[in-house]
Amino acid sequence: MSELTKRYAEGLFVLVSKEEYLDYKEEAKLLQSLINDNPDYISTLDSAFLSKKEKEDLIDKTLKDFHPYFRYFVQIICKNHRVTELNDILQDFISLINERLGIKEGLVYSVSPLSEEEKQRIERSVSKSEGEKVELVNLVDISLLGGVKVLIGDKVYDGSLKNKLNNLKSQLLGGR
């Protein structure tokens, strides 16, 4: 978290009641998906060629089913020329909710993108090992050769083919 993105995330977080955490978290994830699937969305909102009113209308149109606070929050970010930081702000906001709900965050590296079902299966397995709920973000790392590697805080669960080959190499070289 940068200080800037954290400050904005905290600004929205204080407006959200405990009962609304999961709703706002889902909306933040939906907006992240919109941004990731449509890179032109951010550049359009950042454009000097659109008036403030046109930008507000675009936000209202694309986020019409979102909570009013959430729409207004995105409008403020746009007005303050921080829209290029929006994805990071949303991630910091999600992290604040997860922290409050006692959910650990981590990364799962794989050679190719995991399906949602595969990711959830890994989350359940790691949650069981950790003794608390874990949410993972999938990142692609082709150097793993196969399998997955999970990072949660300072813990590493490495089931990658690369790690298994390295272990086998160490065993073979150590047995000389």
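Analyst: Helices (H or I, at least four residues) and strands (E, at least two) are DSSP runs here, numbered from the N terminus. Two notes before we go on. Residues are numbered from 1 along each chain as its sequence is written, and side-chain values use heavy atoms, with hydrogens and water left out. This is a predicted model, in which local features need pLDDT of at least 70 and side-chain atom pairs count only at pLDDT 80 or more, while totals for chains, interfaces and linings use all residues.

H81 follows α5 and has a positive phi, near 60 degrees, in a residue other than glycine. H81 is exposed, with a relative accessible area of 59%; exposed means over 50%, buried means under 20%, and partly exposed lies in between (1.4 Å probe, protein chains only). Elsewhere, L145 is also a residue other than glycine with a positive phi, near 70 degrees, and L145 lies in the loop between β2 (134-140) and β3 (148-152).

Now step back into α5 itself.

Which residues of α5 are buried? They are F70, R71, F73, V74, Q75, I77 and C78. These buried residues pack against α1 (3-13), α2 (21-37), α3 (40-45), α4 (52-62) and α6 (86-101), where contact means heavy atoms within 4.5 Å.

Take α4 as one of these partners. The axes of α4 and α5 come within 10 Å and cross at roughly 145 degrees; axes are lines fitted to C-alpha atoms, for helices over the stretch in contact, with angles running from 0 to 180 degrees between N-to-C directions. The crossing of α4 past α5 is right-handed, a term used when the near helix is turned clockwise from the far one by less than a right angle, while anticlockwise is left-handed. On the α4 side, K52, K55, E56, I59 and D60 meet R71, V74, Q75, C78 and K79 of α5. The residues of this contact divide into three nonpolar, one polar and six charged. In that count, Ala, Val, Leu, Ile, Met, Phe, Trp, Tyr, Cys and Pro are nonpolar, Asp, Glu, Lys and Arg are charged, and the others, Gly among them, are polar. K61 also belongs to α4 and is exposed, with a relative accessible area of 63%. The C-alpha atoms of K61 and R71, ten residues apart along the chain, are separated by 9.7 Å.

Finally, F70 of α5 leads us inside. In the largest nonpolar core, which has 30 residues, F70, L31, L86 and F93 touch the most other members. Such a core is a set of buried Ala, Val, Leu, Ile, Met, Phe, Trp, Tyr and Cys residues joined through side-chain atoms within 4.5 Å. At least two residues of this core come from each of α1, α2, α3, α5 and α6, and α6 gives the most, with seven. Beyond its neighbours within four places in sequence, F93 is in contact with F70 as well as A9, L12, F13, V16, Y24, K25 and A28.
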